[in-house]
Amino acid sequence: DSLDQAMAMMAPEERLELEREARVLQKNMKAWLMRRNYRAMRESVTKLQGLWREHRALLAGVSGPTGLLAGVLPLGPGGGGGGGAGAAAMLGVGGSPRTGPSQLGSIGED
């Protein structure tokens, strides 16, 4: 109520300036959220790509079970591995397309 009363007492020029400043704040907040979500998505994609490449290398017999996949992803028929947690569960990623990047895990720095 008090905000409405204060705005009612403003001159038209003051109100226009206030609305312009509010739009600038909204635009900057939206841009920051988009950058944060994009960065989180890129980090998750990079982790998943690394896990997938290591898994393919293990299946091809290029190297032994080392790195992030050791004991997480099965090596195929009769292979070692175990755990069965899956890459997505291990990374703490998930969510559906509806939940968006904000559900991909903690951001940390922002």
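Is Glu17 buried, partly exposed or exposed? Glu17 is partly exposed, with a relative accessible area of 35%; buried here means under 20%, exposed means over 50%, and partly exposed is in between, using a 1.4 Å probe and protein chains only. Let's step back and see where that residue sits.

First, a word on what you're looking at. This is a predicted model, in which local features need a pLDDT of at least 70 and side-chain atom pairs count only at 80 or more, while totals for chains, interfaces and linings use all residues. Residues are numbered from 1 along each chain as its sequence is written, and side-chain values use heavy atoms, leaving out hydrogens and water.

The protein chain has three helices and zero strands. Helices (H or I, at least four residues) and strands (E, at least two) are DSSP runs, numbered from the N terminus. Of the 110 residues in the chain, 13% are buried.

How much can you trust the picture? The pLDDT, the predictor's confidence in each residue from 0 to 100, averages 75 over the protein chain, and 55% of the residues score at least 70. Helix α2 (residues 12-60) has the highest confidence, with a mean of 96, while helix α3 (residues 87-91) has the lowest, at 49. Over residues 87-91 the pLDDT is below 50, and that stretch has ten contacts in the model beyond near neighbours in sequence; a contact means heavy atoms within 4.5 Å. Residues 80-85 also stay under 50. Where pLDDT is low, the predicted coordinates should not be read in detail.

So let's walk along α2. Helix α2 has 49 residues and reaches 71 Å from its first C-alpha to its last, close to the expected 72 Å, a span worked out as 1.5 Å times one less than the number of residues.

Back to Glu17, then. The side chains of Glu17 and Arg20 meet in a salt bridge, at 3.1 Å from N to O. That term asks for a side-chain nitrogen of Lys or Arg within 4 Å of a carboxyl oxygen of Asp or Glu. The two residues are three apart in helix α2, which puts about one helical turn between them. An α-helix has 3.6 residues a turn, so residues three or four places apart point the same way. Arg20 is partly exposed too, at 41% relative accessible area. A search of the whole structure finds one salt bridge.

Further along, Tyr38, Met41 and Val45 form a nonpolar surface patch with about 280 Å² of accessible area together. Such patches take residues with over 30% relative accessible area and no salt bridge, joining nonpolar side chains (Val, Leu, Ile, Met, Phe, Trp, Tyr) within 5 Å and like charges within 9 Å; the areas come from the Shrake-Rupley method with a 1.4 Å probe, and for residues only the protein chains shown count as cover. Met41, at 38% relative accessibility, is partly exposed. By contrast, the buried residues of α2 include Ala40 and Ser44. After α2 comes Gly61, with a positive phi near 80°.
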